[in-house]
Amino acid sequence: MAKGESGLKEHPKAPRHGKKGGKLLQHRHCQVCSKAIPISEEYCSDECNIEFSKLVKKRKGLVYIMYGMIVVIIVAMILTSI
Ligand SMILES: [Zn+2]
């Protein structure tokens, strides 16, 4: 029962996945769901577009909160060190 499809013995760990992936066309990933999309697109769908803008808004809010906390901490440190 020898299934010799080809006499060639391929190396089991043949480096087929070259880092210079010539096969892959230039593409990017949807920022929301990470789907592969054409480089000219930002998102895979309108839903993801909306989702992303929501995320950005949330993130901006978080950044402000972080800044606020940092300021509070610095002020507290200054006050306690006096
Ligand atoms: Zn998407």
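Along the chain, the donors of the zinc ion are spaced as C-x2-C-x10-C-x3-C. C33 sits in the loop between strand 1 (27–29) and strand 2 (36–38), while C48 belongs to helix 1 (residues 46–81), so this pair ties together parts that are 15 residues apart in sequence. Keep in mind that this is a predicted model, where local features need pLDDT of at least 70, side-chain atom pairs count only at pLDDT 80 or more, and totals for chains, interfaces and linings use all residues. Residues are numbered from 1 along each chain as its sequence is written, and side-chain values use heavy atoms, with hydrogens and water left out.

**Zinc site**
- The zinc ion is held by the SG atoms of C30, C33, C44 and C48, at 2.2 to 2.3 Å.
- Donors here are N, O and S atoms within 2.8 Å of the metal (3.2 Å for Na, K and Ca), and water is not among the atoms, so sites may look incomplete.
- The site is tetrahedral, with angles of 102 to 118 degrees among its four donor atoms; four donors get that label if all angles lie between 85 and 135 degrees.
- C33 is partly exposed, at 36% relative accessibility, whereas C48 is buried at 9%.
- For those labels, buried means under 20% relative accessible area, exposed means over 50%, and partly exposed is in between (1.4 Å probe, protein chains only).

**Fold**
- The protein has one helix and two strands, and they run β-β-α along the sequence.
- Both kinds of element are DSSP runs numbered from the N terminus: helices are H or I with at least four residues, strands are E with at least two.
- Take the contacts (heavy atoms within 4.5 Å) with a separation of 6 or more: residues 24 or more positions apart account for 0% of them.

**Surface and burial**
- Of the 82 residues, 6% count as buried.
- The accessible surface comes to about 8,400 Å², and 62% of that belongs to carbon and sulfur atoms.
- Accessible areas come from the Shrake-Rupley method with a 1.4 Å probe; for residues, only the protein chains shown count as cover.

**Salt bridge**
- The count comes to one salt bridge, meaning a side-chain nitrogen of Lys or Arg within 4 Å of a carboxyl oxygen of Asp or Glu.
- R28 pairs with E42 in a salt bridge, their closest N and O atoms being 3.7 Å apart.
- R28 lies in strand 1 and E42 in the loop between strand 2 and helix 1, so the pair ties together parts that are 14 residues apart in sequence.
- R28 is partly exposed at 28% relative accessible area, and E42 is partly exposed at 36%.

Notes. Tetrahedral: all angles 85-135°; square planar, octahedral: opposite > 155°, others 65-115°.
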